[in-house]
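These are my notebook entries on a single protein chain. I set down what I looked up, entry by entry.

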Amino acid sequence: MFKINDITYSLRRYDNLEGNYTQISNDIYKLTNGNEFKVYSYLCMRYNKNNQYAFPSIRTIAIDCNMSTKTVQKCITRLEEIKLIKIIKFTEKTTAHANNMYRIYYPIIIRNSLEEEERRKLQEELDELIREADNEIIGSVQTIGIKDNLNDEQ
């Protein structure tokens, strides 16, 4: 057993992993700094594959990642700028402190050997996939809002 700060942990060989782990792209190291990587991997861990988004609050991310809320906000802004995440804001807040939803993208670095035309086509395909996925999630959020309003009226 080992202890760092208030966390006690044991070790298991990497090739014997089972269950409690998060898979991320190796290319993420080339695109982010330490704090951005930490926030990105945290969002990956919290990602709900069924709903296709993560939705922890800034405060929760800050506490779990041992960072200030300001640092988390800067990281999220940067991750969105480099298109590793997309922030989906609720248009109608159900509570005073409704969380954002985060769509997470898995980076794949395109090697320099590709011609410009191939890069453009790959980017167009990616943009189309992102548009389709965003339309699905926005439709789901609107449906949830409609169901909530119907339940409130009854």
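**Entry 1. Conventions.** I worked on a predicted model, in which local features need pLDDT of at least 70 and side-chain atom pairs count only at pLDDT 80 or more, while totals for chains, interfaces and linings use all residues. Residues are numbered from 1 along each chain as its sequence is written, and side-chain values use heavy atoms, with hydrogens and water left out.

**Entry 2. The chain.** I looked up the secondary structure and found five helices and four strands. Helices (H or I, at least four residues) and strands (E, at least two) are DSSP runs, numbered from the N terminus. From the N terminus on, I read the order as β-β-α-α-α-α-β-β-α. The protein chain has 154 residues, of which 25% count as buried. I took buried as under 20% relative accessible area, exposed as over 50%, and partly exposed as in between, with a 1.4 Å probe and protein chains only. I then turned to contacts, defined as heavy atoms within 4.5 Å. Among those between residues at least 6 apart in sequence, 50% join residues at least 24 apart.

**Entry 3. Helix H3.** Which residues of helix H3 are buried? In this helix, residues 58–65, I noted Ile-61, Ala-62 and Cys-65. Seen down the axis of H3, these buried residues fall within an arc of 100 degrees, so they line one face of the helix. The arc is taken from the directions from the helix axis to the C-beta atoms. Arg-59 and Ile-63, on the other side of H3, are exposed. I also checked what the buried residues of H3 pack against, and found helix H2 (34–45) and helix H4 (69–81).

Entry 4. Most residues other than glycine have a negative phi. I recorded two residues with a positive value. I placed Asn-66 in the loop between H3 and H4, and it counts as exposed at 66% relative accessibility. Gln-52, which is not a glycine, has a positive phi of about 70 degrees. Gln-52 belongs to the loop between H2 and H3. With 31% relative accessibility, Gln-52 counts as partly exposed.

Entry 5. I looked up Glu-36 in helix H2 and found it buried, with a relative accessible area of 9%. Leaving aside neighbours within four places in sequence, Glu-36 is in contact with Leu-31, Cys-75, Arg-78 and Leu-79. I also examined Thr-77, which is found in helix H4. Thr-77 is partly exposed, at 42% relative accessible area. From C-alpha to C-alpha, Thr-77 and Glu-36 are 9.6 Å apart in space, although 41 residues apart in sequence. Ser-41 is another residue that I checked in H2. Ser-41 is buried, with a relative accessible area of 18%. Residues up to four places away in sequence not counted, Ser-41 touches Thr-22 and Ile-24.

**Entry 6. Strands E3 and E4.** How many bridges join strand E3 to E4? I found four between E3 (residues 85–88) and E4, and the two strands run antiparallel. Strands are taken as paired if DSSP finds at least two bridges between them. Lys-86 has Arg-103 in E4 as its bridge partner. I then looked at both faces of E4 (residues 101–104) and found them covered. Met-101 and Arg-103 are buried on one side, and Tyr-102 and Ile-104 are buried on the other.

Entry 7. Rolling a probe the size of a water molecule over the atoms shows where empty space is left. On a 1 Å grid over the protein atoms alone, a pocket is an open set of points where a 1.4 Å probe fits, with protein on both sides within 12 Å along at least five of seven lines; lining residues have an atom within 4 Å of a point. Grid points are joined across faces, edges and corners, and a volume is the space filled by probe spheres set on the points. For the largest pocket I noted a volume of about 990 Å³. Of its 27 lining residues, the closest to the centre are Tyr-40, Tyr-105, Tyr-106, Pro-107 and Ile-108. The elements that give two or more residues to this lining are H2 and helix H5 (116–153). H5 gives the largest share of the lining, eight residues.
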